[in-house]
Amino acid sequence: MPTVSTYLNFTNQTEEAFLFYKSVFGTEFIGNISRFSDIPPSKDMPPIPEADKNLIMNIGLPILGGHLLMGTDAPESMGFRLTKGNNVYITLHPDSREETERLFKALSEGGKVEQELQDMFWGDYYGSCEDKFGVHWMFNCDQK
C-alpha cells in the first residue's frame, strides 16, 4: 500500500529532535538508525570528517495514523546549507481533544505558540506551534 512520510533536515540536532518526538508520541524507531559512519568508503567520495561520523544519516519514527516522520542531519561538510523556514507544517489529526491538548503542550514547550488551540469557524478544534527545533506543527481535531 502506498504511504507518505515527512522528511526533516536538521543541523546536527536530528538525534536530539527524534528522541524528543519519540517521547511525545510514545512510539519506537523503525529499523536501525543509520549514521554517516555507516557509509562505506569510496574512491569517488571524500572521507567523512570525524566530527560528522556520529551524525544521523537516516531515522524513522511512526507518529499518528501510520504517518512516518523521517530525518537526517545535514552536514555542511557534505555541501548542505540548511535554512529553517515555515514552508512545511506537519498537520496532526488526533482522535480526541485531550490528545490534541497533550500533543500541543508537549510540542510547543520550549518553542513558540503561533495560534492557541480553539474552536474554529469550520467546526474543528485547531491550533499551531513551532517546536524548539524550528519544526512547524498544526493540530486539527474534529471531535466536538
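**A short tour of the pocket and its strands**

1. Let's start with the largest pocket, which has a volume of about 270 Å³. A pocket here is an open set of points on a 1 Å grid over the protein atoms alone, with protein on both sides within 12 Å along at least five of seven lines; its volume is the space filled by 1.4 Å probe spheres set on the points.

2. A word on the source: this is a predicted model, in which local features need pLDDT of at least 70 and side-chain atom pairs count only at pLDDT 80 or more, while totals for chains, interfaces and linings use all residues. Residues are numbered from 1 along each chain as its sequence is written, and side-chain values use heavy atoms, leaving out hydrogens and water.

3. The largest pocket is lined by 15 residues (each with an atom within 4 Å of a point), and Leu8, Asn9, Gly85, Gly134 and Val135 lie nearest its centre. Strand E1 gives the largest share of this lining, five residues.

4. E1, residues 5-10, runs parallel to E4 and is joined to it by six bridges; two strands pair if DSSP finds at least two bridges between them. Leucine 8 has glycine 71 of E4 as its bridge partner.

5. E4 also pairs with E3 (residues 56-62), in the antiparallel sense, over four bridges. Here leucine 61 is partnered by leucine 69 of E4. Five residues lie between the strands of this hairpin, where glycine 65 takes a positive phi near 55°.

Key
Helix = DSSP H or I, 4+ residues; strand = E, 2+ residues; numbered from the N terminus.
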